[in-house]
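Good morning, and thank you for making time for this. I would ask you to look at the structure on the screen while I speak.

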Amino acid sequence: MNEINEQLLNSIKQVKSLAEAGLVYNKENYDAERYQELRTLSLEMMSILSNLPVQQFKDFYLPETDYPTPKIDVRGLILNEKGQVLLVKETVDNKWTLPGGWADIGLTPSENVLKEIQEETGFSAEVVRLLAVLDKRCYPHPPQTHYVYKLCFLCRIVDGTFNPNFDIGGVEWFNIDKLPALSPDRILEEQLVKLMALAKEEQAVYYD
């Protein structure tokens with residue numbers, strides 16, 4: 001998808017979000033029909049951009065019952081004494097990323113990232129500090145249906161041995177200048193470089 005289409009997809013997501021907010025707070029007045037039309041048009045435009053059936057988007061996006069907000073992805077940066085970064089191999093695309101995933105409701109951000117590390121690697125870890133809050137829109141990730149913020153934490157291993165779940169095919173340490181093929185929907189090289197610099201220089205939390 002080219003840059004123009006990515007910008008257009010972003011605008012469509014905003015229109016969809018505004019329409020859904022209108023539907024949440026204007027259920028009983030004449031504007032509700034217009035908000036519903038806007039939501040339908042946004043899904044149809046997504047269908048045109050992606051060449052996927054519009055029904056697929058209608059089935060994917062259930063009607064919002066509250067104000068729509070970004071989804072949260074949590075990631076843990078773990079470094080060893082050699083300055084290497086711990087990456088996990090996703091079985092879905094056979095590419096590598098920082099351990100992490102979608103945040104679960106009912107857990108704090110730090111609890112979420114530690115849960116993901118435990119599930120994906122088998123290692124128990126602890127959070128050192130928050131490194132960055134990244135908006136995926138600001139980076140050349142592949143286009144996706146959700147609007148996403150990434151919370152990236154510096155973590156350290158406490159104990160445990162490699163015992164991955166079914167989503168993970170391997171866990172290895174890598175030098176930053178010899179990275180494997182990264183899973184672009186989950187992490188980009190420029191983000192890894194930025195996070196490692198933040199971890200080593202103990203800068204303030206980076207955002208956006």
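Let us begin with the surroundings of Glu-120 in this predicted model. Apart from neighbours within four places in sequence, Glu-120 is in contact with Val-88, Glu-90, Pro-99, Gly-100, Phe-162, Pro-164, Asn-165, Ile-168 and Val-171. The residue belongs to helix H4, which covers residues 109-121.

Is Glu-120 buried or exposed, and which side chain of opposite charge is nearest? Glu-120 is buried, and the nearest such side chain is that of Arg-75, 5.1 Å away. A salt bridge requires a side-chain nitrogen of Lys or Arg within 4 Å of a carboxyl oxygen of Asp or Glu. Glu-120 has no salt bridge.

Both Arg-75 and Gly-100 lead us to the sheet. Gly-100, in strand E4, is the bridge partner of Arg-75. Strand E1, residues 71-78, and E4 run antiparallel and are joined by three bridges. Helix H4 packs on this sheet, where it touches E1, E4, strand E5 (123-135) and strand E6 (148-160). The direction of H4 makes about 120° with that of E5.

The sheet as a whole is open, with five strands in the order E4-E1-E6-E5-E8 and mixed pairing. Strands E4 (100-102) and E8 (206-207) are at the edges; each has a single partner strand, so one side of each has no neighbour in the sheet. A further helix, H5 (residues 189-201), lies across E1, E5, E6 and E8, and runs at about 115° to E5.

I turn now to the charged pairs. Side chains of opposite charge can pair when their charged atoms come close. How many salt bridges are counted here? The count comes to 10.

Glu-119 is partly exposed because its relative accessible area is 36%. Both residues also take part in a network of salt bridges with Asp-104 and Glu-116.

Finally, Asp-93 and Arg-186 form a salt bridge at 3.5 Å, N to O. Asp-93 is in the loop between strands E2 and E3, and Arg-186 is in the loop between strand E7 and H5, 93 residues apart. Asp-93 is partly exposed at 27% relative accessibility, whereas Arg-186, at 18%, counts as buried.

Conventions:
Residues are numbered from 1 along each chain as its sequence is written. This is a predicted model: local features need pLDDT of at least 70, side-chain atom pairs count only at pLDDT 80 or more; totals for chains, interfaces and linings use all residues. Side-chain values use heavy atoms; hydrogens and water are left out. Helices (H or I, at least four residues) and strands (E, at least two) are DSSP runs, numbered from the N terminus. Buried means under 20% relative accessible area, exposed over 50%, partly exposed in between (1.4 Å probe, protein chains only). Lys and Arg count as positive and Asp and Glu as negative; His and the chain ends are not counted. Contact means heavy atoms within 4.5 Å. Two strands pair if DSSP finds at least two bridges between them. Axes are lines fitted to C-alpha atoms, for helices over the stretch in contact, and angles run from 0 to 180 degrees between N-to-C directions.
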